[in-house]
Amino acid sequence: FRLDSAQPEEDAVPGNLKSITPLQRVCLLQVLRPDAVPRAVAALVEAEICPNLQKETSLDTVIGASSHSAPILFLPSKDGPDPSSQVAFLAAKSRVALKMSSLASDQHCLRAAFDLVQVSATSGDWVLLCDCHLAQAWLSELARLLCSLDPETTQSTFRLFLTTQEADSMPGMLVRDCVKINLCSPAGIRARLCTSLNSAFSQTKEDVQEEHKKSNPPQRKAEDLRRRLDFGLCLLHSLSAERGRRFGTRGWGVPSHLFSAEALRLARLQVGHVCDQPGFNPEVCRWIAESHFGACLEETQDQHLLQLYIERYFLGNLEQGSPGSNLWSCFQPGCTKEELLDEVGLLPDRAEPQVFGFHQFAELPENLASARSLIASLKWTSDDATSGLISPEEVASLGTRLPNPIVEDKLLEYWPLTYEQPLNSCLTHEVSCLNALICRVGSDLMELQFALRGFSELREGLEDLGDSLHKGVVPTAWLQLSCSDKKTLLSWMRELEARTTFFKDWVSSDAGAESYWLGGFVFPKAFLVCIQQQFSRKYVVALGHVIFQHRVLSSVDDEKSQTEKDEDGEKRQKKKKKGEASDDSKVENDDGEEETTNDVSDKSKPEKCSKKPRDGVLVSGLVLQGCSWDLGRNILVPCSGSERFCNLPLVVFTAVRTSPELKNYMPAKRQYSAPVYQAATRGNLVTSVNLPCKEKSEAFWALAGVSVLLSRPDDGVD
């Protein structure tokens with residue numbers, strides 16, 4: 001296997017390993033390339049056990065093959081389409097009356113549903129009973145009714161559909177006789193596009209030819225435009241939903257099932273009305289697509305990404321010969337539904353990540369999570385699966401690694417809460433949160449150790465705590481008090497030690513930290529607001545007019561700063577020999593003038609630092625996700641190989657005053673405004689950082705989902 005291969009499960013193995021079995025090949029992949037294990041296992045099961053594993057069946061095919069004596073039960077599905085709309089569409093297509101009823105615990109409602117089934121069995125209508133989990137006791141009576149129906153009087157067209165949100169609550173006798181259906185959203189661009197086009201295009205070849213004869217050139221042009229818009233909306237919907245399904249929160253900040261088929265239907269309906277009006281305006285279609293597909297998007301980054309998708313896959317291909325996506329090659333003017341589906345069927349079953357704008361190995365996190373889940377399930381079902389509590393000795397060893405709390409007695413004395421220094425309030429609050437976490441961890445470990453040795457009762461919370469520690473997972477109670485994303489227990493303890501060291505150095509320093517590690521803050525957004533407040537109160541500027549300008553320090557800046565430090569040290573030595581006052585004893589007063597003090601140990605008088613900006617801070621520990629950083633040229637560059645994360649150098653956050661007329665600050669050209677998240681799951685947006693990107697456009701990095709994280713996540717935790 002090649003470690004840089006995009007599909008290692010299809011690569012040839014070396015000569016001495018060609019005789020291994022398919023299962024042994026999967027084990028070899030688990031060692032070398034665990035991200036390819038899910039695809040290899042799916043291929044193994046399809047080849048050796050179930051050839052039709054990944055084949056899907058349409059709902060109308062299942063209904064056509066069913067009988068009137070077997071109800072059709074829709075199992076709960078998170079991202080599937082609404083069964084009610086699907087059944088209503090097929091009933092209208094089959095020209096059969098559909099009667100719907102929502103069940104409840106009300107006896108009158110249940111009796112009406114009972115009579116509805118009896119009457120429809122003789123009339124041959126379809127019946128849809130929704131929310132069957134709300135009437136569990138009545139379902140047994142329904143099962144007895146279905147068994148007592150007379151085959152001679154029951155019409156062959158009669159069908160009974162049931163929907164439920166809790167499949168376990170259904171009676172076993174009823175479930176056994178039902179045809180179980182799980183409506184899932186199709187996987188892959190090709191499958192999603194075919195599903196959307198089936199409902200959007202209904203004209204046969206004869207219909208197209210007949211319409212072409214009757215219409216004049218302007219009408220044919222308008223009809224061609226409408227068909228282009230329908231195809232563009234279907235393509236936009238398929239790509240948006242598939243991006244969220246395959247790439248998770250890196251694709252969109254919301255679940256992929258929010259890009260529903262109902263939103264596509266309403267968008268097509270409104271676009272059709274626009275085409276019927278004289279004077280077509282593409283901007284109206286843009287607004288329709290943004291309102292329907294962007295209604296669930298909350299972050300500015302996602303809204304900007306949707307605009308790029310609309311321009312590239314929807315509006316960018318309305319005119320023939322216009323630049324746009326290669327996926328538009330499937331659409332030809334005047335093509336029929338069958339011809340269009342045939343062209344779409346030639347697309348690959350699984351599109352490459354580059355189609356969505358990502359790099360080649362962008363799916364690595366999701367594949368690793370699937371592989372870990374698969375291996376964990378195998379371990380759980382094996383005979384060797386063991387579960388238990390951690391030993392008292394291991395608990396004691398964890399307690400020895402726990403850092404001591406920060407002494408808060410003289411914290412307010414050294415860092416008083418003043419109007420001019422709002423950052424002191426942030427420090428006090430962060431230290432209080434850190435001490436609370438350390439005390440909670442210490443007390444839990446002590447109580448667990450006593451319980452394991454038999455000195456106290458092992459309550460339910462302690463049992464869960466011990467089980468988490470036994471598995472090497474951070475307990476949930478600890479995560480709620482910390483600032484970290486999900487990490488392994490070892491990485492989390494190391495980060496806790498680093499946080500304690502960072503704040504201890506800050507508290508004991510004379511002028512605060514030289515650089516601030518945002519990943520160590522529980523509330524990093526509050527820290528940045530305090531920096532803006534400090535600038536606002538110093539220069540008497542409204543807080544709403546204060547923004548951050550960003551500059552990434554290069555290696556040249558670091559060398560220059562070190563040279564300045566050396567020169568300052570030589571000047572101090574010369575001044576000491578001459579008996580002059582040292583620069584360490586000079587600080588700036590409120591008017592910007594230097595004044596001398598003899599007490600250099602006074603915590604309230606910060607010393608000068610050559611690297612610290614005058615009206616800002618140095619931020620460290622930022623991690624780039626989805627791209628790399630060129631240290632020589634100091635710009636964003638694409639990822640090399642399977643690289644997922646890249647450490648960003650020190651970033652200068654400088655507070656500046658913006659014009660009151662500018663409501664939203666826009667970054668300069670050739671700069672990408674990268675969102676900064678506290679966790680890799682995009683759970684908390686902190687701010688944005690403007691990073692230079694000279695080689696690629698800003699749209700390239702937005703499509704690639706490039707973001708900045710406050711800490712590097714672990715591969716060992718989902």
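**Reading the core and the sheets**

Mentor: A nonpolar core is a set of buried Ala, Val, Leu, Ile, Met, Phe, Trp, Tyr and Cys residues joined through side-chain atoms within 4.5 Å, where buried means under 20% relative accessible area, with exposed over 50% and partly exposed in between (1.4 Å probe, protein chains only). The largest such core here has 122 residues, among which F231, W506, F527 and L691 touch the most other members. Helix α18 (residues 423-452) gives the most to this core, contributing 11 residues. A second, separate core has 24 residues, including L110, F114, V127 and L129.

Mentor: Before we go further, bear in mind that this is a predicted model, in which local features need pLDDT of at least 70 and side-chain atom pairs count only at pLDDT 80 or more, while totals for chains, interfaces and linings use all residues. Residues are numbered from 1 along each chain as its sequence is written, and side-chain values use heavy atoms, with hydrogens and water left out.

Trainee: Which residues is L691 in contact with, leaving aside its neighbours within four places in sequence?

Mentor: Contact means heavy atoms within 4.5 Å. On that basis L691 is in contact with V552, L624, W629, L636, L648, R670, Q671, Y672, A674 and V708. For the protein chain as a whole, residues 24 or more positions apart account for 72% of the contacts with a separation of 6 or more.

Trainee: How many helices and strands does the protein chain have?

Mentor: Helices (H or I, at least four residues) and strands (E, at least two) are DSSP runs, numbered from the N terminus. The protein chain has 24 helices and 18 strands, and buried residues make up 43% of its 718 residues.

Trainee: What span should helix α13 have at 1.5 Å a residue?

Mentor: The expected span of a helix is 1.5 Å times one less than its number of residues. For the 14 residues of α13 (residues 300-313) this gives 20 Å, which agrees with end C-alpha atoms that are 20 Å apart. The buried residues of α13 are Q301, D302, L305, L306, L308, Y309, I310 and Y313.

Trainee: Is S196 buried or exposed?

Mentor: S196, which lies in helix α8 (residues 189-200), counts as buried because its relative accessibility is 7%. Not counting residues up to four places away in sequence, S196 touches C234, H237, S238 and L264.

Trainee: Which strands stand at the edges of the open sheet of five strands?

Mentor: Two strands pair if DSSP finds at least two bridges between them. The order in this open sheet is β14-β11-β18-β16-β17, with mixed pairing. At its edges stand β14 (645-647) and β17 (685-692), each with a single partner strand, so one side of each is left without a neighbour in the sheet. Within the sheet, β16 (residues 671-677) and β18 (residues 707-709) run parallel and are joined by two bridges, with L709 in β18 as the bridge partner of Y677.

Trainee: Why is strand β4 largely enclosed by the rest of the structure?

Mentor: Five of the five residues of β4 (residues 159-163) are buried, so the strand is largely enclosed. Strand β1 (residues 72-74) pairs with β4 in the parallel sense over three bridges, and I72 has F161 as its bridge partner. Strand β3 (residues 126-130) also pairs with β4 in the parallel sense, over four bridges, and there the bridge partner of V127 is L160.
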